[in-house]
Structures are given as C-alpha cells and as structure tokens.
Amino acid sequence: MKLIRVFLLRGLFAVVFACLGGFAAEVGKEAPGKIRVLVITGGHEFEQAQFFKVFSDNPGIVFKAVEHPNAHALLKAEAARQYDVLVTYDMHQEITDEAKGDFLAWLKAGKGLVVLHHAIASYQQWPEYSKIIGAHYYLEKATVDGVDKARSTYKHGMHFKIKVLDPNHPVTRGITDFEILDETYNLFDVAKDVHPLLTTDEPESARLIGWAKTYGPARVVYLQSGHDHFAYENPSYQQILRQAIRWTANGD
Ligand SMILES: [Zn+2]
C-alpha cells in the first residue's frame with residue numbers, strides 16, 4: 001500500500017502498453033453475450049502484464065483498461081454506455097464534483113462495480129465512496145464521530161488461508177477454502193450491511209476480506225486480495241473475480 005507517484009513513469013507505462021498492445025481487448029467490437037468491462041488503474045504501482053492477463057484470459061468478457069487521470073472521462077454517460085461493469089484497481093484521490101456525479105450515475109443505472117485490493121483506499125476525502133464500497137481504509141489516523149481511528153495497516157508476503165463464508169452466493173459458488181500468498185490489510189472499517197463472502201484467521205489481516213453489497217440498483221463486490229502475480233495466478237482468485245464480474249453485471 002505504498003502511495004506511489006507515477007507521473008514520471010506514466011510515459012514509460014504508455015510505451016509498455018503500446019508494446020503489449022493486444023491485452024486490452026477492444027470493447028465495442030463484435031462480442032455478443034460478453035460482459036463489457038472497464039478496468040480503472042492509477043495511483044498505485046502493480047504488475048501490469050500479469051494483472052491484465054487475468055482479464056484477457058476471462059472468456060466471458062471484453063475489457064478496456066484506462067489509467068487516471070484519463071479514467072473519469074469514460075464514466076461520462078456517452079462513454080459509459082459501452083460498459084456493463086467497472087473494475088477499480090486504482091488508489092486515486094482527486095475527484096471532481098462532476099466525476100462524482102458520473103460515478104453515482106453509473107451506479108444508479110444499475111451497472112456493476114468490482115473493487116479490488118488497494119482501491120479500498122481511493123477517494124479518502126469523498127465520504128460517499130465509503131458508502132458505495134462498504135468500507136473505509138485509513139491512510140492517516142483520524143477521528144470519526146468522536147472515535148479515534150488508527151491508521152489502517154498492510155503486510156506484504158503473507159501466506160494464509162481464505163475461508164468461504166457463503167458457498168451459495170453467485171460470487172463464491174463452487175469455491176472451497178483455499179490458500180494464497182498475498183498482502184493483507186487490517187484495521188479498516190467495514191459497513192454492517194455488507195454480505196460477508198470471505199474471511200481469514202490470519203492475525204495480520206482483517207477478518208472480513210471479501211463481501212457483496214448493493215448501492216441502489218447497483219451490485220458491488222470488494223475483494224481484499226490481489227497485490228501481485230501470486231494472487232492474480234491463484235485459480236480460486238481468478239474464479240472469484242470472474243464470478244464477481246458476472247454477478248455485478250447481471251445478478252447471475
Ligand atoms: Zn498491494
């Protein structure tokens with residue numbers, strides 16, 4: 001959960017993107033029956049090729065990837081019509097009132113939202129974001145309604161077991177308890193109205209690490225897992241992410 005300034009690296013990433021060209025399957029081309037996904041990144045480094053492979057290997061979707069500061073333009077109604085589900089893997093803070101309105105309009109249209117890993121810490125100054133995703137990660141200690149909140153914590157390279165709390169939910173159906181090598185987070189707030197899906201006994205982690213919820217007509221999923229290729233390449237993680245995209249898209 002290092003806050004990385006990527007401005008200097010953005011040019012390099014653009015070159016890498018251009019060289020790897022193929023991994024953003026073209027949304028809008030012939031893709032009958034496929035879920036159209038917009039993946040937003042920016043504000044936190046990650047293993048790009050390995051991360052996007054999870055999406056290009058998903059036969060049920062076509063996707064487009066966009067990095068801040070270019071992401072919010074694609075939430076505007078005209079552009080947003082091309083997508084069914086928004087997957088956020090960003091850790092971006094700046095958001096204009098206009099972009100907030102577009103984000104909320106996306107949800108009011110009943111489109112899906114899948115929030116991955118460090119995206120729990122986006123938009124720290126936008127209280128509604130915490131209500132949308134059902135959690136607040138404290139990048140700095142704070143006092144909320146008279147209650148002191150410590151900084152949330154993270155720990156890299158943890159090998160731990162993830163337990164499925166609801167094997168009947170479409171997001172976790174078919175998943176049995178599994179092990180993963182991943183970063184853990186702890187000491188963040190989770191809303192009481194989320195539907196618990198995944199938990200762990202790992203002491204360095206929060207107990208609840210995956211949930212489903214609704215925000216108006218929109219279905220929302222948060223998955224704490226997903227720091228790097230050890231998570232991206234975990235078959236259970238891949239299946240949960242595929243099912244999260246499908247459930248948020250159409251309730252299946
Ligand atoms: Zn991470």
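Against which elements do the buried residues of α4 pack? This report answers that question for a predicted model, in which local features need pLDDT of at least 70, side-chain atom pairs count only at pLDDT 80 or more, and totals for chains, interfaces and linings use all residues. Residues are numbered from 1 along each chain as its sequence is written, and side-chain values use heavy atoms, with hydrogens and water left out.

## Helix α4

Helix α4 comprises the 12 residues 97-108; helices here are DSSP runs of H or I with at least four residues, and strands are runs of E with at least two, numbered from the N terminus. From first to last C-alpha α4 reaches 16 Å, close to the 16 Å expected at 1.5 Å a residue, where the expected span is 1.5 Å times one less than the number of residues. After α4 comes G110, whose phi is positive, near 80°.

Within α4, A99, D102, F103, L104, W106 and L107 are buried (under 20% relative accessible area, with exposed over 50% and partly exposed in between; 1.4 Å probe, protein chains only). The buried residues of α4 pack against α3, β3, β4, α5, β12 and β13, contact meaning heavy atoms within 4.5 Å.

## The zinc site

The protein donors of the zinc ion are H117 (NE2), E183 (OE) and H227 (ND1), at 1.9 to 2.1 Å from it. Donors are N, O and S atoms within 2.8 Å of the metal (3.2 Å for Na, K and Ca); water is not among the atoms, so sites may look incomplete.

Along the chain, the donors follow the spacing H-x65-E-x43-H. E183 lies in strand β9 and H227 in the loop between β13 and α6, 44 residues apart. Both E183 and H227 are buried.
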